[in-house]
Amino acid sequence: MSKNPPAPSITADYAQRVTDDLSANRTEQERVRAELARLQEELVRLEESEQVLTKMQEVLGTTPKQTAKKGKGTKTAAVPAARRSNGKTAAGKTDTTTARKTSKKSASPKKPGEPTWLELTTAHLTAQNEPKSAAEVSAALTEAHPERAVQVTIVRNTLEQGVAQGLFARSKQGRSVFYSPVVAVSAQPSS
């Protein structure tokens, strides 16, 4: 009798193994889903960062064609919503991102022959007697150029670009930031 083990014990062992394997499989699925969700969030952040950088490139007037093509190709590589673990949240983020991309692209782009944002902000600040905030510059440019979609963030980025290039000086008063042309600062007599 020792040669033939009882059949119920073999079945129970296999059932336990299958149960353990199934549990390990489900745990691994949850781990992979969590990793996928993290990667999708990271992808959304990277795409938003790409939008900001692309806009800054447009403001600088140095938009290479390869960058624009590369961005369009990566959008199609996204995981379909049906395969996402948290379908509503991930789909909502994607839809919001797509809507933002569409609305930003609908802003009137610079036409050939039009001055760049940097040229416009430089001209405006040079004509001023006192430092101006990004909101004030933006409002003035909106009045002066109603045909162009002026956004405060673009103007602020342009002003910061001018500071980086040494065209503008930045000064803080409390929580407010004001910009003035460097020409006006360097024109003052130094002791």
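Which helix holds both arginine 31 and glutamate 28, and how many residues apart are they? Select the two and have a look: both lie in helix 1, three residues apart, about one turn of the helix. Keep in mind as you click around that this is a predicted model.

**Stop 1: along helix 1**

With arginine 31 and glutamate 28 still selected, show the side chains. They meet in a salt bridge, at 2.6 Å from N to O. Arginine 31 is partly exposed, with a relative accessible area of 49%, and glutamate 28 also counts as partly exposed, at 38%.

Next, pick Glu35, Arg38 and Glu42. Salt bridges that share partners join these residues into one network.

Now go to lysine 55 and glutamate 58, another salt-bridged pair, with 3.6 Å from N to O. These two are again in helix 1, three residues apart, so about one helical turn separates them. Glutamate 58 is partly exposed, at 41% relative accessibility.

**Stop 2: a nonpolar patch**

Stay in this part of the chain and select Val52, Leu53 and Met56. Together they make a nonpolar patch on the surface, with about 250 Å² of accessible area. Methionine 56 sits in helix 1, which covers residues 7–60, and is partly exposed at 33% relative accessible area.

**Stop 3: the core**

Time to go inside. The largest nonpolar core has 14 residues, and those with the most contacts inside it are Trp117, Leu125, Val137, Leu141, Val155 and Leu159. Colour helix 4 (117–126), helix 5 (134–144) and helix 6 (152–164), the elements that give two or more residues to this core. Helix 4 gives the most, with four residues. As background, nonpolar side chains in soluble globular proteins tend to be buried together.

**Stop 4: arginine 148**

Which ring does arginine 148 lie over? Select tryptophan 117 along with it: the arginine lies over the face of that ring, at 4.4 Å from the ring centre.

Are the two partners buried or exposed? Arginine 148 is buried, with a relative accessible area of 6%, and glutamate 114 is buried too, at 18%.

Methods:
Residues numbered from 1 in each chain as written. Predicted model: local features only at pLDDT ≥ 70, side-chain atom pairs only at ≥ 80, totals over all residues. Heavy atoms only, no water. Lys NZ or Arg CZ within 6 Å of the ring centre and 35° of its normal. Patch = residues over 30% accessible without salt bridge, like charges linked within 9 Å, V, L, I, M, F, W, Y side chains within 5 Å. Areas by Shrake-Rupley, 256 points an atom, 1.4 Å probe, with all protein chains shown as cover. Salt bridge = Lys/Arg side-chain N within 4 Å of Asp/Glu carboxyl O. Buried < 20%, exposed > 50% of the residue type's maximum accessible area, 1.4 Å probe, protein only. Core = buried A, V, L, I, M, F, W, Y, C linked by side-chain atoms within 4.5 Å.
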